[in-house]
Amino acid sequence: MPQNRLITDTLPAVKTTESISKPSLDVQGGVTESELQVLHTFDLNYEFGPCLGISRMQRWDRAVHLGLTPPQHIHALLEYYPSDPQVQQWWVARTC
Amino acid sequence: MFSDRAAKSGGPDPGPEGQTIHRAETRSPVRGSRFVVSRRSFCRPYAHLYAVRLALMRPVLASSARTTWGSDLDIKKMFELQVGVRCCVIGTMYKHMELRPSILKEISGELSLVPQPVRMRYTDPSDELILEDELQRMKIVGSLDPSDFVTGLVVAVLGVEKEDGKFHVEDICLAGIPPQLTFTVPEHDRFVLLASGLGLGGQVGDATLGLQLLIDTIIGQLGGLGEQRAASQISRVILAGNLLSRDTQSKDILNKAKYLTKKTQAASVEAVKVLDDALFQLCTSVDVDAMPGEFDPANHTLPQQPLHRCMLPHSQPLSTLHLVTNPYEADIDGVRFLGTSGQNIRDIYKYSGMDDWLHILEWTLRTGHMAPTAPDTLGCYPYYSEDPFILKESPHVYFCGNAPSFQSKILHGSEGQRVLLLSVPDFCTTRTACLVCLRDLDCQPIKFSVFADNGDGTEAGAMA
């Protein structure tokens, strides 16, 4: 009997692919770098509260709900790219 | 009151044989849905909850501060503060506590350092208060006692920032008792019975006899015609949490190896069967609202969602059984009830110097927030766009369950608010339930002493 048997001898090693594919930050699907920059500026605006864990649309809606006036062009951008995770920041909510 | 009624009509009035006494009916209650969590997403940080709490309470506190300290008050954010200029700041309080249990200290215990002692309360004279707003935080000192406050409370403070970088507080302002809905006086006397901490499945045996006496009294199986008539005025029973005992949460199953506990049954299984039986008896005669509590098989974090119907196969088909959330909110005949199973009050008790449960209950109403310590030391769902624990309007009956003793008080607010504060005692240890009269918000304990201490009998329903 060979001494150093490994579990991978009987069960082949399976490389797990990352279940959540983070979209690369380069331009795709029509979103330009400058538009992303605008969205990023919105994320960092402290007046509208923390931005982690929720999508940008949720954050925009919350700001309205709290009686604040978030910039209208952000809403327009979010509506213009409804299925782009880079714009909506869905992956933030999906990673957990 | 209930006992007068029972005694009055209990005289020589035999009544015709076979007379049926009808249960007092109320309109079906209007329930709020703000404590129902529909989309369960737990991946958000709690920062949102604090941010939303501050944003929602800031206008309330600003107006409250202006009425207290004058309308020309200068309310500033922390980054606008100047040294030596007297002004008002609104922020969330954080209490730095040396004795507070910490997971880091627990881990350090594994590294053969001094283990943390088990404590009932975590206050210490060295506690410090820190005020936070969206951008920064600052120590607050002066004419306030840290033991009067807890983490997560939103307050307005008036004072001066001095050279040492600390904010010296002259006065502090809470949100105040919120406005109240108009109170529609019910036409007839109706009673709501509140009980909490039934403690089924516990080690103490005779709790079941007390419970059976309670059930028999409510459904009119005990006492003379007077008592039965009085009992028919009870239109609703609210069970405020801890239907099962703490003992049903045995740690054995968690600690022992799986193969040793494979065949053992969880202690709560038998207890839930007893609960089902008790609820079935009650529900055949009266509407019952059952709230989950700390030891019940529901989720642990506030707001606790209703117990699952499949656990109660006998009582579940009855339309009189209502499984509700904790905190509980409902309009019963125009009287707004709001209350919890007591976790919020117990948590404030642990982390502050306040001793009296009724006082803490009143204090939470004055601060405009039901559970300021959530999510810090009290488990809470990670809300991001609302804080359901903010009290936007005062209830008429504000209660907490599982208190050490029965206490009640009518609180009068400055804007004509009239709130009945009620601490519902633990039934398992005190054998006491509470009756609230909906017409005048009068409140009375009802005690079921079995083999009473003074030895004067085994009669049930000895009403105090």
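**Sheet, hairpin, helices, interface**

Author: In chain B, six strands make an open sheet of mixed pairing, ordered β11-β10-β9-β8-β17-β18. This is a predicted model, where local features need pLDDT of at least 70, side-chain atom pairs count only at pLDDT 80 or more, and totals for chains, interfaces and linings use all residues. Residues are numbered from 1 along each chain as written, chains are lettered from A in written order, and side-chain values use heavy atoms, without hydrogens and water.

Reader: Why do β11 and β18 of chain B stand at the edges?
Author: β11 (321-323) and β18 (443-447) of chain B each have a single partner strand, so one side of each lacks a neighbour in the sheet.

Reader: How do you know that β17(B) and β18(B) pair?
Author: Two strands pair if DSSP finds at least two bridges between them. β17 (residues 432-437) of chain B has five bridges to β18(B), and the two run antiparallel, so by that definition they pair. One of the bridges puts Thr432(B) with Lys447(B).

Reader: What makes Ile130(B) a link between strands?
Author: Ile130(B), in β4(B), stands opposite Tyr94(B), and its bridge partner in β5(B) is Lys139(B). Strand β3 (residues 86-96) of chain B pairs antiparallel with β4 (residues 128-132) of chain B over five bridges. β4(B) and β5 (residues 137-142) of chain B, also antiparallel, share four bridges and form a hairpin with four residues between them.

Reader: Why is the crossing of α3(A) and α4(A) called left-handed?
Author: The word means that the near helix is turned anticlockwise from the far one by less than a right angle (clockwise would be right-handed). The crossing of α3(A) and α4(A) is left-handed. The axes of α3 (residues 56-65) and α4 (residues 72-80) of chain A come within 10 Å and cross at roughly 145°; axes are lines fitted to C-alpha atoms, over the stretch in contact for helices, and angles run from 0 to 180 degrees between N-to-C directions.

Reader: How many residues of chain A are in contact with chain B?
Author: Twelve, against 14 residues of chain B, where contact means heavy atoms within 4.5 Å. About 1,100 Å² is buried between the chains, with 72% from carbon and sulfur atoms; that is the accessible area (1.4 Å probe) lost on being put together, summed over both parts.

Reader: How many salt bridges cross the interface of chain A and chain B?
Author: The rule asks for a side-chain nitrogen of Lys or Arg within 4 Å of a carboxyl oxygen of Asp or Glu, and it finds zero between chain A and chain B.

Technical notes: Buried area is the accessible area (1.4 Å probe) that two parts lose on being put together, summed over both.
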